[in-house]
Amino acid sequence: MSVAEVNGQRISYQDSGGEGPAILFSHGFLMDGSMFDAQVAGLRDQFRCITWDERGYGGTGTTGPFTYWDSSADALALLDHLGIEQAVFAGMSQGGFISLRAALSAPERVRGLVLIDTQSGLEDPEVLPLYQALHDEWVANGPSAVQDVVASIIFSPGVEVEPWFAKWGAMDPSSFTVLFRALVDRDELTERLGEITQPSLIVHGTADAAIPVWRAEQLRDNLAGPTELVLVEGAGHASNMSHAEAVNRATARFVAGLDA
């Protein structure tokens, strides 16, 4: 991993290099840039693939409370560091929250959007008590008692979860509250989707336990630019991991088509 000192942060990232169009992959909650390993492996010969660890994850620390607007500024600063004027922003769940905010704050830097299992709205009030209980247990005693529940929300059956359990166990529990508050206190963007005119590809697992398919349809129906929705049959929340081939195929077609 390389490190960029930008926007007051030390951001850990990987860059495949190459002359192809740049894709910046932004990961989901409790994940890190490695969740896109299959995308980098499958797309790096055609595109310049950049993954990064957002604030508080992987090799990137956090200096205190932050919002996803701050994280979108981090992403844009990372592109500056790499000398990239414009990129496709590909984000899964939390990474989609960041990508949408980048498109709103710096539209000239966002060539297109790949929105994977994400949404423009807020968490369902009916599930917030469950998430709060998971948070409280994690902070008090570490993730071991709740990691299976968390994994069932994020991953489809068949995804190897032990490496993620190890990463979660190594996290500082005291930092978890900062990450959790960024997630549950984020602002609603649905009414602003009409300001986003870039082409967008929306990819969503039909078995997503965290964000229902109607949220993907809401993105499709409200984004102002050319928009396509691809449903990945049987995929859960992290569809790019469990159904990498389908997600890679759709992403490659979309990004290559931006030059058409």
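Reader: How many bridges join strand S3 to S5, and do they run parallel or antiparallel?
Author: Four bridges join strand S3 (residues 22-26) to S5, and the two run parallel; strands pair if DSSP finds at least two bridges between them. Val88 in S5 is the bridge partner of Ile23. Strands (E, at least two residues) and helices (H or I, at least four) are DSSP runs, numbered from the N terminus. Please keep in mind that this is a predicted model, in which local features need pLDDT of at least 70 and side-chain atom pairs count only at pLDDT 80 or more, while totals for chains, interfaces and linings use all residues. Residues are numbered from 1 along each chain as its sequence is written, and side-chain values use heavy atoms, with hydrogens and water left out.

Reader: Which strand do six bridges join to S5?
Author: That is strand S6 (residues 110-116), which runs parallel to S5, and Val110 in S6 is the bridge partner of Ala87. Between S5 and S6 the chain passes through helix H3 (residues 94-105), in a β-α-β crossover that is right-handed, meaning that, with the strands pointing away from the viewer, the path from the first strand over the helix to the second runs clockwise.

Reader: Why is S5 largely enclosed by the rest of the structure?
Author: Six of the six residues of S5 (residues 87-92) are buried, so the strand is largely enclosed; buried means under 20% relative accessible area, exposed over 50%, and partly exposed in between (1.4 Å probe, protein chains only). Ala87, Phe89 and Gly91 point one way from S5, while Val88, Ala90 and Met92 point the other way, and all are buried.

Reader: Changing topic, what do S1 and S2 form?
Author: They form a hairpin with two residues between them, and Asn7 in the turn has a positive phi of about 55 degrees. Strand S1 (residues 2-6) and strand S2 (residues 9-15) pair in the antiparallel sense over five bridges, with Ser12 in S2 as the bridge partner of Val3. S2 also pairs with strand S4 (residues 48-52), in the antiparallel sense over three bridges, and there Ile50 is the bridge partner of Asp15.

Reader: And where is Gly20?
Author: Gly20 is in the loop between S2 and S3, and at 24% relative accessibility it counts as partly exposed. Leaving aside its neighbours within four places in sequence, Gly20 is in contact (heavy atoms within 4.5 Å) with Gln46, Phe47 and Arg48.

Reader: What volume does the largest cavity have?
Author: Its volume is about 330 Å³. On a 1 Å grid over the protein atoms alone, a cavity is a set of points where a 1.4 Å probe fits but cannot get out, and a pocket is an open set with protein on both sides within 12 Å along at least five of seven lines; lining residues have an atom within 4 Å of a point. Grid points are joined across faces, edges and corners, and a volume is the space filled by probe spheres set on the points.

Reader: Which residues lie nearest the centre of that largest cavity?
Author: Of the 21 residues lining the largest cavity, Phe29, Tyr131, Ile153, Ile154 and Leu183 lie nearest its centre. Helix H4 (128-141) gives the most to this lining, with four residues.

Reader: What about the largest pocket, which residues lie nearest its centre?
Author: Gly56, Tyr57, Gly58, Lys167 and Met171 do, out of 16 lining residues, and the largest pocket has a volume of about 220 Å³. Helix H6 (residues 162-170) gives the most to the lining of the largest pocket, with four residues.
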